[in-house]
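Here are my notes on this one, as numbered points.

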Amino acid sequence: MQLYVDQKKVQDQKKVQDQKEVNVQKEVLEGSSVRLRCSAKTLCSFPPPTLTWSSTPRIPLSESSRREELISDLNFTATHRQHRVTFTCTITYQLQDQNKTAQDNMTVHVLYAPKISPSSSCTRTDVTLCFCEADGNPSPELEWHLSGRPVTNSSNTSISEERLSSTGLRSAITLHQSLTHTSTLQCFSRNSHGNASQLFQLPSSVARARHI
């Protein structure tokens with residue numbers, strides 16, 4: 001199996017080749033046009049072999065044949081959802097009264113800018129507790145800003161991080177200090193391919209119960 005990558009959509013460099021061919025597993029950038037090619041020899045084989053792909057229900061295929069070779073191309077635009085997805089091409093030969101099959105695998109490694117999870121949020125009891133989750137490849141860094149200034153561990157704030165996966169990171173911040181109506185909290189995530197941020201709506205202080 002061969003992997004072809006078209007980086008033109010994601011690189012603003014006129015001298016970069018439209019396509020480059022690699023014969024081993026390579027990392028591709030999100031937004032790149034990817035073509036996986038599977039081929040089988042047809043010489044001395046009747047009927048000709050068949051080529052099928054796995055894990056590709058929504059990806060269009062194109063097939064072509066030559067006198068001595070059958071080729072099947074799998075074309076798609078790389079997204080973060082295809083990171084570490086293994087594509088399998090199965091070649092089936094019909095030999096007299098039995099079928100003989102062979103398989104070839106290709107695992108795609110996609111590089112992509114951070115994406116902050118919509119589940120990131122804040123809650124308040126006696127303190128304000130906020131969570132920020134980000135996913136990116138390579139795994140991103142997370143940083144908190146309170147009213148426009150970077151926040152670190154101190155007597156008023158505590159920050160902890162948890163690795164969720166090889167590409168995911170979760171950060172929690174606890175604010176012990178009192179907040180005003182003008183206070184803003186923002187989570188910044190970045191890696192070598194880009195950055196993302198989310199502005200949090202800070203919950204107001206919990207009203208105390210009234211004694212009757």
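1. Start with the cysteine pattern: counting the bonded cysteines in sequence order, they pair 1-2, 3-4, 5-6. A search of the whole structure turns up three disulfides, a disulfide being a pair of cysteine sulfur atoms within 2.5 Å.

2. Before going on, the ground rules. This is a predicted model, where local features need pLDDT of at least 70 and side-chain atom pairs count only at pLDDT 80 or more, while totals for chains, interfaces and linings use all residues. Numbering runs from 1 along each chain as its sequence is written, and side-chain values use heavy atoms, with hydrogens and water left out.

3. C38 and C89 are bonded with an S to S distance of 2.0 Å, and the link is left-handed at -80° about the S-S bond. Because C38 sits in strand β4 and C89 in strand β8, this pair ties together parts 51 residues apart in sequence. Strands here are DSSP runs (E, at least two residues), numbered from the N terminus.

4. C122 and C130 are joined at 1.9 Å, S to S. Their link is right-handed, with 110° about the S-S bond.

5. The sulfur atoms of C132 and C187 are 2.1 Å apart. This pair connects strand β11 (residues 128-137) with strand β16, 55 residues apart. C132 has a relative accessible area of 0%, and C187 is likewise buried at 0%.

6. Also in β16 (residues 185-191) is N191, buried at 15% relative accessible area. A polar atom of its side chain lies 3.1 Å from the backbone oxygen of Y112. Leaving out residues up to four places away in sequence, N191 touches several residues, including A113, G136 and P140 (contact: heavy atoms within 4.5 Å).

7. The largest nonpolar core has 18 residues, and L36, L51, W53, F76 and F87 have the most contacts inside it. Such a core is a set of buried Ala, Val, Leu, Ile, Met, Phe, Trp, Tyr and Cys residues joined through side-chain atoms within 4.5 Å. A second, separate core of 17 residues includes I116, A134, L169 and A196.

8. Now confidence: mean pLDDT (the predictor's confidence in each residue, from 0 to 100) is 78 for the chain, with 75% of residues at 70 or more. Among the elements, β16 has the highest mean (95) and β2 (residues 20-22) the lowest (32). Residues 7-24 stay under 50, and residues 206-212 are below 50 too.

Technical notes
Buried means under 20% relative accessible area, exposed over 50%, partly exposed in between (1.4 Å probe, protein chains only). Helices (H or I, at least four residues) and strands (E, at least two) are DSSP runs, numbered from the N terminus. A polar contact is a pair of N or O atoms within 3.5 Å; within protein, one must be able to donate a hydrogen and the other to accept it, and residues adjacent in sequence count only if both atoms are side-chain atoms.
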